[in-house]
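Welcome! Please take a look at the sequence and the model below, and then read on for a short tour.

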Amino acid sequence: MFVDSHCHLDLPEFQERLPDVLATMAAEGVEHALCVSITLEAWPQVRDLVRAHPGLLSASVGVHPDYLDVNEPTVAQLVELAMQPEVVAIGETGLDYYRMPGDELDWQRERFRVHIRAAREAKKPLIIHTRAAAQDTIRLLREEHAEEAGGVMHCFTEDWDIARQALDIGFYISMSGIVSFKNAAIVHDVARRVPADRLLIETDSPYLAPVPYRGKTNQPGWVAHVAEAVARLRQIPVEEVGRITTENYDRLFGRARLSAVQPAPTA
């Protein structure tokens with residue numbers, strides 16, 4: 001069995017096909033998925049989706065670093081939202097310098113600090129996005145004592161040195177469909193070297209579909225193919241990848257308590 005540690009089932013790509021997506025999860029042996037929030041405006045939709053599928057889905061709450069013209073979260077607001085029982089993490093948050101230079105992104109760094117402080121107060125792990133900003137991401141995690149919250153470096157694409165620094169402050173490393181791409185040598189190296197007890201797998205769906213579905217709209221059921229790619233690189237059975245990444249997910253996000261979550265009331 002597998003767990004998808006990062007997806008976005010609230011996005012428009014899934015609105016008309018959610019039953020088929022959930023059926024594919026069941027067919028592929030994917031028993032759970034974490035639906036990750038990217039704005040406060042979209043949070044109610046994420047919450048209601050997860051409440052409609054207790055045990056199968058869980059949620060995070062946060063504001064992605066790529067979004068500028070959205071409601072800016074406060075520590076108190078994130079902590080309050082994180083207390084809802086379906087919320088297992090804060091994020092996704094982090095830094096992304098890919099489209100804009102870092103000297104123009106003080107607002108992004110401050111938003112990241114707010115999320116880290118909220119995670120520490122709420123005692124919930126962080127889901128970290130970093131793109132073209134790895135050193136600053138690690139620096140802010142250290143400065144804000146993110147090791148007190150822990151978390152995961154999602155959709156990891158950096159080299160082993162960055163992975164090692166993240167591991168040193170207690171973070172997990174999550175492999176996405178990129179690990180199945182033939183030209184992803186840096187990611188392959190990290191996938192081989194991450195300690196078994198710090199490894200997670202994800203789809204980041206609807207993005208980054210793994211081989212053999214590369215270029216298509218990704219979905220949580222295809223995390224099984226991410227597991228297959230990791231298994232080949234580590235030269236272990238795919239069932240072992242499923243076992244260790246599921247155990248790691250449950251240890252980090254505390255999935256057991258989700259049994260108390262009730263479905264959303266119908267109109």
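## A first walk through the model

Ala 132 is found in the loop between S5 and helix H5 (134–143); helices (H or I, at least four residues) and strands (E, at least two) are DSSP runs, numbered from the N terminus. This is a predicted model, in which local features need pLDDT of at least 70 and side-chain atom pairs count only at pLDDT 80 or more, while totals for chains, interfaces and linings use all residues. Residues are numbered from 1 along each chain as its sequence is written, and side-chain values use heavy atoms, with hydrogens and water left out.

Back to Ala 132: its phi is near 55°, a positive value in a residue other than glycine. With a relative accessible area of 51%, Ala 132 is exposed. Here buried means under 20% relative accessible area, exposed over 50%, and partly exposed in between (1.4 Å probe, protein chains only). Lys 123 is not a glycine either, yet has a positive phi of about 60°. Lys 123 belongs to the loop between helix H4 (106–122) and S5, and counts as exposed because its relative accessibility is 69%.

### The largest pocket

How much space lies in the largest pocket? The value is about 510 Å³. On a 1 Å grid over the protein atoms alone, a pocket is an open set of points where a 1.4 Å probe fits, with protein on both sides within 12 Å along at least five of seven lines; lining residues have an atom within 4 Å of a point. Grid points are joined across faces, edges and corners, and the volume is the space filled by probe spheres set on the points.

The lining has 21 residues, and those closest to the pocket centre are His 64, Asp 96, His 129, Arg 131 and Asp 204. Strands S4 (87–96) and S5 (126–131) each supply at least two lining residues, and S5 gives the most, with three. Arg 131 also has its charged end over the ring of Tyr 98, 3.5 Å from the ring centre. Such a placement needs NZ of Lys or CZ of Arg within 6 Å of the ring centre and within 35 degrees of the ring normal. Arg 214 does likewise over the ring of Phe 181, 3.6 Å from its centre.

### Aromatic pairs and a covered helix

Rings of Phe, Tyr and Trp (its six-membered ring) pair if their centres lie within 6.5 Å; planes under 30 degrees apart count as stacked, over 60 as edge-to-face and the rest as tilted. The count comes to two aromatic pairs. Tyr 213 and Trp 222 are stacked, because their ring centres lie 3.9 Å apart and their planes are at 5°. The other pair, Tyr 249 and Phe 253, is tilted, with 4.8 Å centre to centre and 50° between the planes. Both Tyr 249 and Phe 253 lie in helix H9 (residues 238–253), four residues apart, about one turn of the helix. Tyr 249 is buried at 1% relative accessibility, and Phe 253 is buried at 4%.

Helix H8 is mostly covered, with ten of its twelve residues buried; among them are Val 223, His 225 and Arg 234.
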